Amino acid sequence: MTDASPLPTPRAPLLAQLAEDRRYDLAVVGGGATGLGVALDAAARGFSVVLLESHDFAKGTSSRATKLVHGGVRYLAQGNVALVREALHERATLLANAPHLAQPLPFVMPSYRLWEAPFYGIGLKLYDALAGRSGLGATEFLGRDATLTRVPGAQPAGLKGGVQYWDGQFDDARLALALARTAAARGALVVNYCAVKSLVHEGGKVVGVACEDRETGRVFTVRAGCVVNATGVWVDTLRQQDGADTGRPVRPLVAPSQGVHLVVDRSFLPGDHALLVPKTTDGRVLFAVPWLGKVILGTTDTPREDLALEPRPFEEEIAFILGESARYLRRAPTRGDVRSCWVGLRPLVKPQGDDGENTKAISREHTVLVSPSGLVTVTGGKWTTYRAMAEDVLQRCFDARLLAARPAGATVHLPLVGAPAAAQVRQRISDAPGLHSYGAEAAAVAALPGGETELAPGLSEAMVRFAVRHEYARTVEDVLARRSRLLFLDAALAQGLAPRVGALLQEEGIGDPGVAAFEALAQQYAHPQPSA
């Protein structure tokens, strides 16, 4: 796969395929990590697959993670050893299948009390043991000087020492895109900006979906033997439609929570080690993570009732992150130092009673349900375990006899599009982005017109053209938020580039690239106006 020429992604042929009179084995609704993982696994097993996303791939939560590929240290404290072991195994698989997009990262827990290093260190040694051969490096106890050598940005006052352990980090939006493109290379039809408006029922069973192309308003009916609802925090919308169509009341499944992240310059945390505070003043975890040349500070975990596509932070969330960062960093970041602020919604699953649905909680992290009509819903979970979640979803489809069973494991050793040999990876995810971010496709990108014309550090005209021709990009936001990550790194710079990127998209045949809409969005990321 890594030696093949990049597949073209012109929109007209995609819509022409969507209009064909055929029945797919599987229709997936939702183009985030979960839906894309299901589509890829099913396609890799030889099923005919269509995936529909109402906006862009990873537009929601899946592009707004803390960028960590982790086993979940905090779950050890809860005694959930099985969950941690599964996540550590999946961490190794993800890093092996996309080494240009997901890599090991050393973390340092600074200790400001004498008991902290031995207390947390013992737990992290267990973390190593659970990882076994999937481990990324051994946990080390550090003295004060060694701690400051590895995280020179840490607050030295009162520092006693620290503990270093290993997890991973990744580029979430580009990994989602790699999943979409790999699924397409395996025969799946994946279409963004095509919103599912309703389910199609016959005889009380789900037999397909009706969807609408957001660019033209054209409506399509897509028939499938199995429909998977993988719309994240929005899964209840389809579930309620399903219940209304079949005369069955449906209890809400998701209680959304939001996580806020602030991005500051690398000078606040020099070096290639992340900093982790396991317990802040209110008991939450604080991360300071080097990523694509900047530093991510976060995160929060705040209940949210509304489901805005672009949620806004609460003022207290920004104050919390800045206040805790000031306690643990040598230099205290201020509002004026924030280059970008972004918010993601997490789908936390409510406990479900017996309301007629066949419910199987695979773990505390994700839940799969099959309704009496045959609608399969999956929600919860985290990026690290997307592949295992996909296997669980397909197994539920088999159990419900919605698909004919085929052996699992098709994606365990499946390199994603662009994956080079691990030995060929020279740059870190923590380094500033550039041509290396494309892995084995770097030469194909550089060969396009504008390969030598840089719009901003790490972004060339050729990259914009590649995004349209081979990465499903339709808008300025698609390019500057998710093909390039500039909106998440420096929102003001991204805002200033919008007209130039829009002009390139028009050269590539995009009618309305959404320049004004992106400028307004970038303004919010650069100068966040908090929710009331």
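Predicted model: local features only at pLDDT ≥ 70, side-chain atom pairs only at ≥ 80, totals over all residues.
Reader: Why do you say that the side chains of E310 and K59 meet in a salt bridge?

Author: A salt bridge is a side-chain nitrogen of Lys or Arg within 4 Å of a carboxyl oxygen of Asp or Glu. The N to O distance between K59 and E310 is 2.8 Å, so the pair meets that definition. E310 sits in the loop between β15 (302-303) and α9 (315-328), while K59 is in the loop between β2 (49-52) and β3 (68-69), 251 residues apart.

Reader: What makes K59 buried?

Author: Buried means under 20% relative accessible area, exposed means over 50%, and partly exposed is in between (1.4 Å probe, protein chains only). K59 has 9%, so it counts as buried.

Reader: And is E310 buried or partly exposed?

Author: E310 comes out at 23%, so it's partly exposed.

Reader: How do you know that D172 and K67 form a salt bridge?

Author: Their side chains meet at 2.7 Å, N to O. D172 lies in helix α7 (residues 172-185) and K67 in the loop between β2 and β3, so this pair ties together parts 105 residues apart in sequence. D172 has a relative accessible area of 0%, so it's buried. K67 is buried too, with 0%.

Reader: Which residues are linked in a network of salt bridges?

Author: D56, K59, R64, E310, E477, D478, R482 and R483. A search of the whole structure finds 38 salt bridges.

Reader: How far does α10 reach from its first C-alpha to its last?

Author: It reaches 20 Å, close to the 20 Å expected. That expected span is 1.5 Å times one less than the number of residues.

Reader: What makes α10 largely enclosed by the rest of the structure?

Author: 12 of its 14 residues are buried, so it ends up largely enclosed. Among them are Y386, M389, V393 and F398.

Notes: Residues numbered from 1 in each chain as written. Heavy atoms only, no water. Helix = DSSP H or I, 4+ residues; strand = E, 2+ residues; numbered from the N terminus.
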